[in-house]
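I opened this entry to look up helix packing and aromatic pairs. My notes follow the structure.

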Amino acid sequence: TESSWKIESAVMITAVFGSFLMAETVFIVSGVLTVVTFGLWMSQTGKYIISPSSTELIENFNQVVAYNTEVIIFFIAGVVSFVSIYDGDIYDWINLAYCYVIIHLVRFTVVFFFYPICLRHSGYNLKVKEALIIVYGGLRGAV
């Protein structure tokens, strides 16, 4: 029917958030890994559950929900970070700078370890400039 995308979207959102909640509270495992596993399952076999006429609408709806959820999460994380740093002392700022440097060093090591192996000679055909952008840019946004 014409409104089946609404039901299918509601079921998908409930399945994603429900699996996260069940993993974290009942099974005491990683909710994030559970959602990633659910996404991998949906991309392989679960996609046949969704009706073909609803696929595009559901994908667009899920993108909007994911974007809004990400904005809310990062807003809350920013407020919590600001409050904890604002109330902190100079050692918190030193730890923050230390973490920033360590994260970039680890990212640099990983990117340039894999650069000659797979990033340059595989389908990516990555140039050194692009690898440096990856090192500095890192992972922004959702996983």
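How many residues apart are F108 and F112 in helix α4, and by how much of the helix are they separated? I note first that this is a predicted model. I looked up the helix, which covers residues 90–119. F108 and F112 sit 4 residues apart there, so about one helical turn separates them.

**Aromatic pairs.** I counted pairs of rings with centres within 6.5 Å. The count came to 4 aromatic pairs. F108 and F112 form one that is tilted. I read 4.7 Å centre to centre and 40 degrees between the planes.

**Accessibility.** I then checked both side chains. F108 has 40% relative accessibility, so F108 counts as partly exposed. F112 has a relative accessible area of 25% and is also partly exposed. Buried would mean under 20%, exposed over 50%.

**Helix packing.** Next I turned to α1 (residues 4–25) and α3 (residues 55–86). Their axes lie 10 Å apart, at an angle of about 40 degrees. That angle makes α1 oblique to α3. I logged the crossing of α1 past α3 as right-handed.

Which residues meet where α1 contacts α3? From α1 I listed W5, E8, S9, I13 and F17. From α3 I listed L57, I58, F61, N62, V65 and T69. By class, this contact has 7 nonpolar, 3 polar and 1 charged residues.

Methods:
Residues numbered from 1 in each chain as written. Predicted model: local features only at pLDDT ≥ 70, side-chain atom pairs only at ≥ 80, totals over all residues. Heavy atoms only, no water. Axes fitted to C-alpha atoms, helices over the stretch in contact; angles between N-to-C directions. Helix = DSSP H or I, 4+ residues; strand = E, 2+ residues; numbered from the N terminus. Parallel < 35°, antiparallel > 145°, perpendicular 65-115°, else oblique. Left-handed = near helix turned anticlockwise from the far one by under 90°. Contact = heavy atoms within 4.5 Å. Nonpolar A, V, L, I, M, F, W, Y, C, P; charged D, E, K, R; others polar. Phe/Tyr/Trp six-rings, centres within 6.5 Å; stacked < 30°, edge-to-face > 60°. Buried < 20%, exposed > 50% of the residue type's maximum accessible area, 1.4 Å probe, protein only.
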